[in-house]
Amino acid sequence: MSAFAIWGAFPLYFHPLHQVSAVQVIAHRVVWSCLFVLAWIGLRGELPTLRATLADRSLVWRLAISATLISINWLTYVWGVTHGHVVETSLGYFIGPLVNVLLGVVLLSERLSPAQWAAVALAVAGVAYLTVMTGSLPWIALTLAFSFATYGLIRKIVKVESLPGLATETLLLMPLAGAYLLWCESAGIGVLGHAAPAVDALLIGSGPLTAIALFLFAYGTRLLPYSTVGVLQYITPTLQFICGVFALHEPFEHARAVGFGIIWAALLIYTGEGLRLSRQQRAPT
């Protein structure tokens, strides 16, 4: 719940950075996340576990994929928030649980009930409606939904503890992020140290905040039933939607309201069916 609440409030955190390029913001998130996580692991005395993780080549390859996915997710999200698309970013995280369902069916051979299939079909219809009525595919929402759902799936099935896994992901991204920031500085477009102190604080603080939220998510996902995680993750898009419409005053026209309504109906059907099946499984035989 804490992880999803942090992510839900992120629009208010990243919106003041709208004058900084999204790539530079992500590079700072990676660098400061990495430094924070390494310090955290050192204080916990878990450096041997990290070395063991890095020594497992197959594990590193899987975490390289998850690191790439979360980078795509971060970049798309920050670009959306800083370019006035907070409402569409929230749509992405509303769609996310249904993408989890599709991945479960396609990759894990999970079976759906008729009601769950109806929910998936309704969500697809909602996305199609938004595409037709707004004249463009909601690519921000779809990119966020698919990248984060796939990231969550990989982190669930990869046998690595939350903190060493997060440290490995950020270490893999660190060389690229650090090199890019050095290039920005040499090209005269670096922001850190050349902007207002508040901007510097937000850039540096984005690292620990990102790392803490990802650690809480990975830790909770491994301990909780995935159906519970699916219900809890609606906290994030709900808070993002509230931030976009009521705090940042983004437009929410009739066509978008109808499309969102269709997708929300799909989520209600899917969540209700998931709770029914969960109660059925727990019932004594």
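Me: Let's start with Leu137: what does Leu137 count as, buried, partly exposed or exposed?

Reply: Bear in mind that this is a predicted model. Leu137 counts as partly exposed, because its relative accessibility is 48%, and buried would need under 20% while exposed would need over 50%.

Me: Where does Leu137 lie?

Reply: Leu137 is in the loop that links α7 (114-134) to α8 (139-157).

Me: And which residues make the nonpolar surface patch with Leu137?

Reply: Trp79 and Trp139 do; together with Leu137 they form a patch of about 310 Å².

Me: Tell me about Trp139. Where is its place, and what does it touch beyond four places away in sequence?

Reply: Trp139 sits in helix α8. Leaving out residues up to four places away in sequence, Trp139 touches Thr76, Trp79 and Glu88. Trp139 is partly exposed too, at 44% relative accessibility.

Me: OK, zooming out. How many helices and strands does the protein have?

Reply: There are 13 helices and zero strands.

Me: What about overall dimensions, what does the C-alpha trace span?

Reply: Roughly speaking, the trace spans about 55 × 45 × 25 Å along its principal axes. The radius of gyration is 20 Å, which agrees with the value near 19 Å that a compact globule of 285 residues would have.

Me: How much of the protein is buried?

Reply: Buried residues account for 48% of the 285.

Me: Now the inside. Which residues touch the most other members in the largest nonpolar core?

Reply: Trp7, Phe14, Leu17 and Phe217 do, in a core of 51 residues. Several helices supply at least two residues each to this core, including α1 (2-8), α3 (22-44) and α10 (197-223). The one that gives the most is α5, with nine residues.

Me: Switching to charges. How many salt bridges does the structure hold?

Reply: Four. One of them joins Glu46 and Arg44, with 2.8 Å from N to O. Glu46 counts as buried because its relative accessibility is 18%, whereas Arg44 is partly exposed at 45%.

Me: What about Glu273 and Arg276, how are they placed along helix α13?

Reply: They are separated by about one helical turn, because they are three residues apart in α13. Glu273 is buried at 10% relative accessibility, and Arg276 is partly exposed at 35%.

Me: Last one: what's the phi of His249 near?

Reply: It is near 60°, a positive value in a residue other than glycine. His249 lies in the loop between α12 (235-247) and α13 (254-282), and it is exposed, with a relative accessible area of 62%.

Methods
Residues numbered from 1 in each chain as written. Predicted model: local features only at pLDDT ≥ 70, side-chain atom pairs only at ≥ 80, totals over all residues. Heavy atoms only, no water. Patch = residues over 30% accessible without salt bridge, like charges linked within 9 Å, V, L, I, M, F, W, Y side chains within 5 Å. Areas by Shrake-Rupley, 256 points an atom, 1.4 Å probe, with all protein chains shown as cover. Salt bridge = Lys/Arg side-chain N within 4 Å of Asp/Glu carboxyl O. Helix = DSSP H or I, 4+ residues; strand = E, 2+ residues; numbered from the N terminus. Buried < 20%, exposed > 50% of the residue type's maximum accessible area, 1.4 Å probe, protein only. Rg over C-alpha atoms; globule rule 2.2 N^0.38 Å. Contact = heavy atoms within 4.5 Å. Core = buried A, V, L, I, M, F, W, Y, C linked by side-chain atoms within 4.5 Å.
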